[in-house]
Amino acid sequence: MTTTQVNPIPKFGNIYVAAYIMSIDIKKAISENPTDLLKFIALKKRISYDDLMFSGSRKTEIVTARRTAIRILHQFTDFTIHKIGCMLLEGADHTTVLHHLKVARSVKKMAKGEQEFYSSVITEYIEKIRKQ
């Protein structure tokens, strides 16, 4: 019995090629400079970068920004959960990151407007990367 290997790169002409290539560019940009993404999120949410990174605050706007940052870093980089925790909250335990990811998967538990914020950050950050 022979097994067929699935090529992870879509064939030329496939509608998904552009999206696949763009996701590689996004992953590279975020992985190389995660601070730029974090500053972008803080600016978009109108909070200070220090509040996003170092505050233990549970204010909705800070938690939403922090959870969005965690989701994007987890989705678009190869960073470990431990590394993401170390980047945010002055070395948050990996279980904090896991909790944020679990809540993000449960639409019922997310703060009002959180999914929209996440989507807008992704869209606007992609546009920012394209213009560079």
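Predicted model: local features only at pLDDT ≥ 70, side-chain atom pairs only at ≥ 80, totals over all residues.

Colleague: Which residues of the largest nonpolar core touch the most other members?

Modeller: In general, nonpolar side chains in soluble globular proteins tend to be buried together. Here the largest nonpolar core has 30 residues. Helices H1 (16-32), H2 (34-45), H3 (49-54), H4 (60-76), H5 (81-87), H6 (94-105) and H7 (114-131) each give two or more residues to this core. Those that touch the most other members are Ile30, Leu38, Ile41, Ile72 and Leu73.

Colleague: Leaving aside neighbours within four places in sequence, what is Ile41 in contact with?

Modeller: Contact here takes heavy atoms within 4.5 Å. With those sequence neighbours set aside, the list for Ile41 is Leu52, Ala65, Thr68, Ala69, Ile72, Phe117 and Val121.

Colleague: Which ring does the charged end of Arg71 sit over?

Modeller: For an Arg, CZ has to be within 6 Å of the ring centre to count. The charged end of Lys45 sits over Phe117, 4.6 Å from the ring centre. For Arg71, the distance to the ring centre is 3.7 Å, and the ring belongs to Tyr118.

Colleague: Which element gives the most to the lining of the largest pocket?

Modeller: That pocket holds about 160 Å³ of space. Eleven residues line it, and the closest to its centre are Arg58, Arg66, Thr96, His99 and His100. Two or more lining residues come from each of H4 and H6. With four residues, the element that gives the most is H6.

Key:
Residues numbered from 1 in each chain as written. Heavy atoms only, no water. Lys NZ or Arg CZ within 6 Å of the ring centre and 35° of its normal. Core = buried A, V, L, I, M, F, W, Y, C linked by side-chain atoms within 4.5 Å. Buried < 20%, exposed > 50% of the residue type's maximum accessible area, 1.4 Å probe, protein only. 1 Å grid on protein atoms, 1.4 Å probe; cavity = no way out; pocket = protein on both sides within 12 Å on 5 of 7 lines; lining within 4 Å. Points joined across faces, edges and corners; volume = space filled by probe spheres on them.
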